[in-house]
Amino acid sequence: MRIGEVARYSGVSARMLRHYEALGLVRPTGRSGTGYREYSDENIRRIFHIESLRSLGLSLRDVGRALDDPGFAPAELVEDLVRRTEERIAAETELLTRLRRIGVAEPAGWQDVLQTVALLQALGSTSPGARQRAALSAAEEVPVPVEALVEAVLGEADPNVAGALRWALAQSGGERGAELLAQGLGSPSPAVRKRAVQSLAELPGDAATALLTDALAHADVVVRRYAALALGARGVADAIPTLVEMVVVGRNDSDAADALSALAADPALADRIATGLVDHLAHGGREPSARRRLTQALAGVPGDTTSRALAELAGDPDPGVALTATYVLSLRAAG
């Protein structure tokens, strides 16, 4: 079979067949009387083997080794091909993500494209200072896709940079930012879940409030506590049980007491908060340190229920509890 026929039959161009010959991969059986290359059936089978191996990503050099070296072991080469393919896919995926983010930013011209690219690169910098500057620029100068900001804040370990990213996200995140952060609450990483709820806590709007309310039932106690603190500042009564529990166990208890005090400014909630604190004093607050924390939390809650509880606590066997209750009562009487 002549080279033109082989090219038509195999789908490999005559030029590539000549290249294979030059490399020694395929050797025609001979030439015709008029000088045309002649290919045998064995040549044809070898050409198909070459193309099959090339389809796996093997270089022509490796193809030659695979076909001609009896001791050639494919396992190591296949493993290397898998690694290189994964790296290529990761790079292509990163490029696709970047292009989509640039598209979402709706650049008006190439200058906008270049600014967005520079900012996205800075957000991925190894320098915390560069990442922090990029976060501040994202809110003030160059519009950055919310997806990029959420990805950055969920992966940021530096507290200063994380704070700047949360601030930037709060300026532009909106409902889309809240939606993406909610996905972070489902991460298997406790650190990512914590960053997600902290970021949600700084997002304004009903969407963030609704997600924080849902987070009160989260399996991760850290998520529940951060959600409760944020909701307390927003005046959401659903946070009260978790805030009271935080006072009892001594986890961010000062912040929790402040949040309860803010909620208690609503007369409709003050009695409910006081009742929750008093119930724990009566049934779960036997530990002296817990009783002191509960008494201190009562100090910020107005109402008759609190006053009655403080009067009783003024005679508590624990001096710390009794002194705190007496002092708060004196302040109330003077006010």
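Biologist: Where is Asn 252 found?

Modeller: Asn 252 sits in the loop between α14 (240-249) and α15 (253-263). Helices here are DSSP runs (H or I, at least four residues), numbered from the N terminus. This is a predicted model, in which local features need pLDDT of at least 70, side-chain atom pairs count only at pLDDT 80 or more, and totals for chains, interfaces and linings use all residues. Residues are numbered from 1 along each chain as its sequence is written, and side-chain values use heavy atoms, with hydrogens and water left out.

Biologist: What is phi of Asn 252?

Modeller: Most residues other than glycine have a negative phi. Asn 252 has a phi near 50 degrees, a positive value in a residue other than glycine.

Biologist: How does Asn 252 count by relative accessibility?

Modeller: Buried means under 20% relative accessible area, exposed over 50%, and partly exposed in between (1.4 Å probe, protein chains only). Asn 252, at 40%, therefore counts as partly exposed.

Biologist: At what angle do the axes of α13 and α14 cross?

Modeller: Two packed helices are described by the angle between their axes and the distance between the axes. Axes are lines fitted to C-alpha atoms, for helices over the stretch in contact, and angles run from 0 to 180 degrees between N-to-C directions. For helix α13 (residues 221-233) and α14, the axes cross at roughly 120 degrees and come within 9 Å. The two are therefore oblique to each other; angles under 35 degrees count as roughly parallel, over 145 as roughly antiparallel, 65 to 115 as roughly perpendicular and the rest as oblique.

Biologist: Which residues in α13 and α14 meet?

Modeller: Contact means heavy atoms within 4.5 Å. Arg 224, Arg 225, Ala 228, Leu 229 and Gly 232 in α13 meet Thr 242, Leu 243, Glu 245, Met 246 and Val 249 in α14.

Biologist: Which residues have the most contacts inside the largest nonpolar core?

Modeller: A nonpolar core is a set of buried Ala, Val, Leu, Ile, Met, Phe, Trp, Tyr and Cys residues joined through side-chain atoms within 4.5 Å. The largest has 70 residues, and Leu 243, Ile 273 and Leu 277 have the most contacts inside it. Helix α8 (residues 146-155) gives the most to this core, seven residues. Another core, of 18 residues, lies apart from it and includes Tyr 20, Ile 47, Leu 58 and Leu 77.

Biologist: Which residues does Leu 243 touch?

Modeller: Leaving out residues up to four places away in sequence, Leu 243 touches Ala 228, Leu 229, Gly 232, Ala 256, Ala 259, Leu 260 and Leu 263.
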